Amino acid sequence: MTIEWRYTVEQELGILSVAGYLGPAAVHRFSGAVGWAVARGAGPVIVDLTALRGWSAEGQLAISEAARRLAAQGRNLELAAIPADGSLVPTGDCPPIPVHSDRTAALAAHGVRREAEERQEWRTTGWPS
């Protein structure tokens, strides 16, 4: 099982939305999505997990690796709507990862009150419509 993703640039924020299950089979695809975000943005990246059904230990490590990768570019990674079990155990060398209850709260934390009607967007072909 793999994931589908969508990356949008919203004002100065990147929003990487992930759907599916972030397990061992999906880590490589998630890493590619993070690379896409690194190449196409300059501000913080909010990883919106609203449509994520769950994650494995490998998936959580991929989140930590993404935070390190973005930090190396002078950017922050934040999470919105983590899976219901609420667990995230970043590795000791991981930068802080702010966690928001949902996408709306994450955007509000950056002063975004409503999403722009026109924005740049990239996604996998299987992204749910």
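**Strands, crossovers and a ring pair**

Student: Let's begin with strands. Which residue in E4 does valine 47 stand opposite?
Tutor: Leucine 79. Keep in mind that this is a predicted model.

Student: How many bridges join E3 to E4, and how do the strands run?
Tutor: Four bridges join them, and the two strands run parallel. E4 covers residues 77–80.

Student: How does the chain get from E3 to E4?
Tutor: The chain passes through helix H2, residues 57–72. This β-α-β crossover is right-handed.

Student: What about E2 and E3, how many bridges there?
Tutor: Eight bridges, and E2 and E3 run parallel. E2 spans residues 13–22. Within this pairing, glycine 20 is opposite leucine 52 of E3.

Student: And which helix goes with E2 and E3 in a β-α-β unit?
Tutor: Helix H1, residues 27–39. The unit is right-handed.

Student: Why is E3 described as largely enclosed?
Tutor: Look at burial. Eight of the 11 residues of E3 (residues 45–55) are buried, so the rest of the structure largely encloses this strand.

Student: New topic. How many aromatic pairs does a search of the whole structure find?
Tutor: One. Tryptophan 5 and tryptophan 36 form this pair.

Student: How are the two rings placed?
Tutor: They are tilted, with 55 degrees between the planes. Centre to centre, the distance is 6.0 Å.

Student: Where do the two tryptophans sit in the chain?
Tutor: Tryptophan 5 is in strand E1 (residues 3–10), and tryptophan 36 is in helix H1. They are 31 residues apart, so the pair links distant parts of the chain.

Student: Is tryptophan 5 buried or exposed?
Tutor: Buried, because its relative accessible area is 10% and the cut-off is under 20%. Tryptophan 36 has 29%, so it counts as partly exposed.

Student: What lies over the face of tryptophan 36?
Tutor: Arginine 40, at 3.4 Å from the ring centre.

Student: Where is alanine 81, then?
Tutor: Alanine 81 lies in the loop between E4 and strand E5 (99–100).

Student: Why does alanine 81 count as buried?
Tutor: Its relative accessibility is 14%, and buried means under 20%.

Methods. Residues numbered from 1 in each chain as written. Predicted model: local features only at pLDDT ≥ 70, side-chain atom pairs only at ≥ 80, totals over all residues. Heavy atoms only, no water. Buried < 20%, exposed > 50% of the residue type's maximum accessible area, 1.4 Å probe, protein only. Pairing = 2+ DSSP bridges. Right-handed = clockwise from strand over helix to strand, strands pointing away. Phe/Tyr/Trp six-rings, centres within 6.5 Å; stacked < 30°, edge-to-face > 60°. Lys NZ or Arg CZ within 6 Å of the ring centre and 35° of its normal.
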